[in-house]
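Subject: Structure for you to look at

Hello,

Here is the structure I said I would pass on. Please open it first, then read the notes below it.

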Amino acid sequence: MIHSILKDKPTKLFLGFTAFFVANALIAECIGTKIFSLEKLFGLQPSSFNLFGQSGLSFNLTCGVLLWPLEFVMTDIVNEYYGPKAVRRISYTAVVLISYAFIMFYGAIHVPAADFWIGTNTNKGIPDMQNAFSGIFGQGMWIIFGSLVAFLVSQIVDVTVFHRIKKVTGEKRVWLRATGSTMVSQLIDSFIVLSIAFKLGGDWTWPMIFAVGTMNYIYKFTVALLLTPVIYFVEHRIEKYLGKETAQRMKKSAMGEDQDAIMNIPTAG
């Protein structure tokens, strides 16, 4: 059976998309503990915005946002060729495995540390390795919960908006359905995660939520526009890999009722 799977190009492609999607999401969650200055990244002085009554705002973002836009590019591509059922499948898989990873992180934090290991990097400015390990992997549970809920909701919104636009435009205007669905879903994502993590789980005010959420969305909005050519490039490579006829059949099947039919498209290995 494994030989027939590995000979089927659409199946191999879907497995590759799923692996990258899950790995990218997990890495984004792990590196999200670091906050960086977008302005400093480009050699600029930090901005100072006033928004919703909040002053001194600048583009200080989690490192996770460097990777999350790729998730929504992947979502649009999988949606284009495999349909909403496939998107939901890889999204649920990502959430389950991210949850599993954080359970393992929690266990690793709380197992007793070896005495000699705690001070092994004192000469590097890390006096307590246990505290350092806990600080990196021990994200607040509200942040994790908020991130996962926002991810699931935004994925569902992305799929819905994508297909509604495609029903109107057909095969034309890939940029509109890809960028449009991402912009809508990221708007929702930006505010859900902050509301759960810092309103329900903290003491942020609504003006603060709206201000920080707007700053995050401006970044995501800009990145979504910049990544539009990437979608065209990837689709071109997919059509070259699968063949134009197979790719078109997959796109038509993705818009139909039976999303699993695409897995039965015969292709050369």
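A contact here means heavy atoms within 4.5 Å. Among contacts in the protein chain between residues at least 6 apart in sequence, 73% join residues at least 24 apart.

This is a predicted model, in which local features need pLDDT of at least 70, side-chain atom pairs count only at pLDDT 80 or more, and totals for chains, interfaces and linings use all residues. Residues are numbered from 1 along each chain as its sequence is written, and side-chain values use heavy atoms, with hydrogens and water left out.

The overall picture comes next. The protein chain has 12 helices and four strands; these are DSSP runs numbered from the N terminus, helices being H or I of at least four residues and strands E of at least two. The C-alpha trace spans about 60 × 50 × 35 Å along its principal axes. Of the 269 residues, 44% count as buried, where buried means under 20% relative accessible area, exposed over 50%, and partly exposed in between, with a 1.4 Å probe and protein chains only.

Now the aromatic rings. Rings of Phe, Tyr and Trp (its six-membered ring) pair if their centres lie within 6.5 Å; planes under 30 degrees apart count as stacked, over 60 as edge-to-face, and the rest as tilted. By this rule there are 12 aromatic pairs. In one of them, the ring centres of phenylalanine 17 and tyrosine 82 are 6.5 Å apart and the planes are at 85°, so this pair is edge-to-face. It links distant parts of the chain, with phenylalanine 17 in helix 2 (residues 9-31) and tyrosine 82 in helix 4 (residues 68-82), 65 residues apart. Both phenylalanine 17 and tyrosine 82 are buried.

Phenylalanine 102 and phenylalanine 105 also form an edge-to-face pair, because their planes are at 85°, with the ring centres 5.3 Å apart. Both lie in helix 5 (residues 84-110), three residues apart, which is about one turn of the helix. Phenylalanine 102 is buried at 8% relative accessible area, and phenylalanine 105 counts as buried at 18%. Ring pairs link Phe102, Phe105, Trp117, Phe133 and Phe137 into a cluster.

Which ring does the charged end of lysine 9 sit over? It is the ring of tyrosine 241, with the charged end 5.0 Å from the ring centre. The rule asks for NZ of Lys or CZ of Arg within 6 Å of the ring centre and within 35 degrees of the ring normal.

Regards
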